Amino acid sequence: MSTATIKPSIELDELGKFFAITARRIDAGQTAPEMFSAAIDAAWHGLVADPAAHDAFALRHAGRKLAHVESAGTGHIAWVSAYEEAYGPLPEIWFTDAHGTVNTEALARYRDTGEVLAEWDCSPAGGGDGDDGLTAPEKTIR
């Protein structure tokens with residue numbers, strides 16, 4: 001896949017926003033945001049399959065290269081308030097699995113409380129220069 005053949009989708013739109021939040025967290029010296037949406041992560045995996053397209057996408061949305069790294073955990077998703085300040089409430093796709101099934105319980109809890117408690121198995125990391133200040137999220141087992 002080249003950058004010319006990336007088809008727009010809600011998943012890629014949200015991945016771009018996630019990358020922008022990642023850049024803000026890098027710049028603030030915070031931990032990497034947790035990727036808790038299997039649907040958006042599946043789109044990310046599609047980009048990772050083409051390193052040139054992935055790098056171009058990351059540069060466009062985060063202003064830097066980002067890597068997709070394993071980082072498993074369960075707990076409070078710390079970056080939701082930053083997302084809401086920039087873009088408004090999280091859309092349903094964040095609560096959707098890779099097969100298109102919405103976790104209605106998690107979505108309802110978020111809409112009722114503004115909190116997201118979720119599992120994740122990956123997060124972004126800097127593009128490999130080792131000097132981005134970004135650390136993986138801490139694992140919290142509930």
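This briefing describes the fold, the strand pairing and the first helix of a single chain. The model is predicted. Five helices and two strands make up the chain, and their order from the N terminus is α-α-α-β-α-α-β.

**Overall architecture**
- The chain has 142 residues, of which 43% count as buried.
- Of the contacts between residues at least 6 apart in sequence, 76% connect residues at least 24 apart.
- The accessible surface of the chain is about 7,400 Å², and carbon and sulfur atoms account for 50% of this surface.

**Strand pairing**
- Strands β1 (residues 66-76) and β2 run antiparallel and are joined by nine bridges.
- Within this pairing, G75 lies opposite A118 of β2.
- Strand β2 spans residues 117-126 and is mostly covered, with seven of its 10 residues buried.

**Helix α1 and its surroundings**
- Helix α1 covers residues 10-27, 18 residues in total.
- From first to last C-alpha, α1 reaches 26 Å, which is close to the 26 Å expected at 1.5 Å a residue.
- Just after α1, G29 adopts a positive phi of about 75°.

Terms used
Residues are numbered from 1 along each chain as its sequence is written. This is a predicted model: local features need pLDDT of at least 70, side-chain atom pairs count only at pLDDT 80 or more; totals for chains, interfaces and linings use all residues. Side-chain values use heavy atoms; hydrogens and water are left out. Helices (H or I, at least four residues) and strands (E, at least two) are DSSP runs, numbered from the N terminus. Buried means under 20% relative accessible area, exposed over 50%, partly exposed in between (1.4 Å probe, protein chains only). Contact means heavy atoms within 4.5 Å. Accessible areas come from the Shrake-Rupley method with a 1.4 Å probe; for residues, only the protein chains shown count as cover. Two strands pair if DSSP finds at least two bridges between them. The expected span of a helix is 1.5 Å times one less than its number of residues.
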